[in-house]
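Dear colleague,

I am handing over the structure we spoke about, and it is placed just below. After it I set out what was found, so that you can follow along with the model open.

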Amino acid sequence: MRTKLHVLIFITLFFTASLANAAGAKDFALTDYHSSEHLVSLNDFKGKVVYLDFWASWCKPCRTSFPWMNDMQAKYGEQGFEVISINLDQDKSSIAAFLKSYPASFRILLDPQGEVASDYELVGMPSSYLIDKKGNLRKTHTGFFIKNKPEYEKEIIALLAE
Amino acid sequence: MQLSKSKKIGALLATATCTLLNAGAQAQETKSENDWKFDTAILYYGETDRVSLLEGVISATKDFGDQHILNTKLVIDSLTGASATGAVAQPYAQTFSRPSGNGQYTTSPNELPLDDTFRDTRLALSANWTQPIYKDTRVNVGGNVSREYDYLSVGANVSAERDFYNKNTTALFGLSYQFDSIDPVGGRPIPLSTMVVNNGQFGAGDAGEEAFEAAFEQTRIDGSDDKSTVDALFGLTQVINRRMIVQLNYSYSNSSGYLNDPYKLLSLVNENGETQSIVHENRPDSRAKHSVYAQTKYAFDNAVADVSYRFATDDWDIQSHTIDSRLRYNLTETDYIQPHVRYYQQSEADFYRPFLNEGEALPSVASADYRLGEMTAITVGLKYGHKMNNGHEWGVRAEYYQQDPKNAGFESIGVLATQDLYPSVKAFILQFNYNF
Amino acid sequence: MNTRKIQTVKMPNKKANTRLFSALCVITALQLGGCANLGVQPWERDLLAKDEMALNADAVDIGLDEHIYFSKEGTSGGRSFAGGGCGCN
């Protein structure tokens with residue numbers, strides 16, 4: 001009888017833990033492109049809605065996503081919204097050239113070895129993840145499509161309203 | 001004649017260009033990504049003492065967003081010069097009738113008979129549309145039309161490609177259909193008919209001329225004929241690692257209809273290799289081809305190597321091997337050179353005959369066109385490219401192309417032993433391209 | 001005296017085609033079977049994304065060359081341009 005209870009508790013705990021892990025977006029600690037003084041981690045932004053975007057200078061759809069992300073940051077920043085972009089270029093010098101043509105008003109973090117990209121199980125470039133105020137991963141987008149921009153914006157508004 | 005053709009082509013070109021530019025005018029976005037991108041080139045191809053070609057290409061591409069891409073291409077080319085007809089050289093002068101029947105040309109002793117009536121301008125237009133239709137799946141549809149004096153070609157193609165394994169693998173299937181209509185100068189020659197040459201046997205003056213024309217007409221079929229070609233392509237592309245990608249394609253092609261070259265001839269020679277008459281060629285009315293193509297591209301730190309091999313075989317018994325390699329070497333951020341080497345080898349068609357023997361029965365299909373014979377060819381070239389500050393690019397390419405037809409085992413009897421029946425064809429290629 | 005070819009031993013077409021087909025099957029099977037292990041992560045396509053690594057790089061040059069070889073030789077075609085590149089979207 002007690003063994004059965006133990007097993008039941010264990011299974012419940014296991015599933016709860018799994019669910020918690022699946023829902024909670026993995027934390028990271030990366031260098032900021034503009035200032036390499038201290039590391040930036042996801043936990044720093046608890047309480048905010050985070051749009052986590054993985055990009056690289058060689059990714060063509062990223063050129064279309066940058067102006068849109070600038071717009072979103074400007075529009076919803078005051079309401080507690082933060083765009084955090086993670087760059088995956090192996091060669092840091094490519095970033096400067098890209099930013100000249102496609103400037104970014106949002107945070108850029110560096111992940112040249114792709115460790116965080118691995119953690120987030122990226123299946124395509126670019127990839128974006130919407131994380132709610134509690135730090136849970138709510139939406140995953142692979143690729144950036146112009147026709148989906150209104151939908152992406154709706155999702156941000158919905159999470160801000162929570 | 002030539003001038004009026006040019007005027008027509010000019011008008012066509014202007015209309016086509018206007019259409020191209022107007023299509024882009026509506027959707028002007030501020031982002032340079034979605035502007036029209038143009039790749040233009042002008043190419044000169046010149047064989048020593050033979051054919052010269054001048055060709056211009058304008059290719060325009062526009063991304064309408066989310067990988068909806070339109071490409072249109074305009075090609076104009078102008079061919080001049082003399083081509084080998086397939087008739088053999090002789091130690092005597094030879095006279096041939098022009099394909100139109102209007103006039104004749106003479107070949108000097110010990111010279112390869114070349115027909116220099118080829119002055120043709122071709123205009124070709126093509127358009128292709130690509131878009132995603134499902135996750136990881138894209139379709140492409142296209143059409144093309146091409147026009148020259150004696151030739152009209154229209155075609156359509158459709159293909160679908162799908163990515164697997166995080167886009168490391170891509171599979172492609174494509175189908176195309178091409179319809180060609182040929183209306184040769186002077187009508188189509190009756191296959192294997194004897195060429196009528198006016199050596200004075202028809203008498204003098206207008207009556208003689210008329211008699212010749214009547215006899216000439218007897219060997220011609222009026223009107224056009226056509227051919228249809230269906231192609232199927234299966235392709236597999238695989239990313240090997242961060243630096244390397246490979247591709248493997250299998251394609252099948254089936255043509256049927258009028259596959260002859262109406263301007264090609266065969267010499268009918270006697271036991272001593274002396275030409276007794278000239279006969280028009282005849283090819284089978286169908287051709288089924290298979291080809292396997294493998295390509296690798298490898299990215300070095302400052303260079304990209306591209307090596308490919310193609311094996312082709314068909315039911316005309318032509319088998320060929322092609323090895324093509326390019327190495328793009330970046331000299332600086334903005335300049336590169338690209339050496340190019342290509343080797344080609346083919347075996348002769350089973351109906352290929354360098355000449356026909358008077359004593360033997362006339363075969364039902366025969367051609368002396370060296371392009372269906374045994375040969376090897378080599379191309380060696382170098383390209384230099386430069387990217388300008390405004391993002392435009394220009395390049396210049398120079399190549400040398402030499403074809404070496406070979407004797408596929410036919411005995412050069414009598415006087416033919418004194419002639420060069422398989423002369424090499426040497427050509428220079430010069431291309432200038434500008435992308436913006 | 002005849003113009004018949006000096007006897008060259010050539011494989012009959014059927015056999016050549018069967019061999020070709022078998023080789024293709026083997027290569028394709030290998031390709032597909034080994035596919036899952038080959039390749040790169042989506043963020044490792046920096047070199048593949050370069051314009052010069054695209055399968056349709058120099059498309060205009062290749063188109064011009066194909067036209068020349070189609071006119072001067074007995075074989076034509078075979079290429080395709082799918083796959084490779086950035087792998088984005």
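How many nonpolar, polar and charged residues does the lining of the second largest pocket have? Please keep in mind throughout that this is a predicted model. By class, that lining is made up of eight nonpolar, nine polar and eight charged residues. The space in this second largest pocket comes to about 520 Å³, and among the 25 residues that line the pocket, those closest to its centre are A:T142, A:F145, B:K135, B:D136 and C:N89. As for secondary structure, at least two lining residues each are supplied by β7 (137-142) and α5 (149-161) of chain A, and likewise by β8 (120-134), β9 (137-148) and β10 (151-164) of chain B. Of the contributors, β8(B) gives the most to the lining, namely three residues.

The second topic is the interface of chain C and chain B. The size of an interface is often given as the accessible area lost when the parts come together. For this pair the buried area is about 6,500 Å², with 53% of it on carbon and sulfur atoms, and the contact draws 60 residues from chain C and 91 residues from chain B.

Turning to the polar side of the same interface, the count is 30 residue pairs in polar contact between chain C and chain B, where both residues have pLDDT 80 or more. On the chain C side that touches chain B, α1 (13-35) and α2 (59-72) each supply at least two residues, and the residues of that side divide into 26 nonpolar, 20 polar and 14 charged. The rule for salt bridges finds nine of them across the interface of chain C and chain B. A salt bridge is formed by B:E47 with C:K72, where the closest N and O atoms are 2.6 Å apart.

In chain A, the peptide bond that joins A:M125 and A:P126 is cis, with omega at about -10 degrees, and A:P126 is found in the loop between α4 (115-119) and β6 (127-131) of that chain. In chain B, B:D49 has a positive phi of about 70 degrees although this residue is not a glycine, and B:D49 lies in the loop between β1 (37-47) and β2 (52-63) of chain B.

With best regards

Conventions: Residues numbered from 1 in each chain as written. Chains lettered and ligands numbered in written order. Predicted model: local features only at pLDDT ≥ 70, side-chain atom pairs only at ≥ 80, totals over all residues. Heavy atoms only, no water. Contact = heavy atoms within 4.5 Å. Buried area = accessible area lost by both parts, 1.4 Å probe. Salt bridge = Lys/Arg side-chain N within 4 Å of Asp/Glu carboxyl O. Polar contact = N/O pair within 3.5 Å; in protein donor to acceptor, adjacent residues only side chain to side chain. Helix = DSSP H or I, 4+ residues; strand = E, 2+ residues; numbered from the N terminus. Nonpolar A, V, L, I, M, F, W, Y, C, P; charged D, E, K, R; others polar. 1 Å grid on protein atoms, 1.4 Å probe; cavity = no way out; pocket = protein on both sides within 12 Å on 5 of 7 lines; lining within 4 Å. Points joined across faces, edges and corners; volume = space filled by probe spheres on them.
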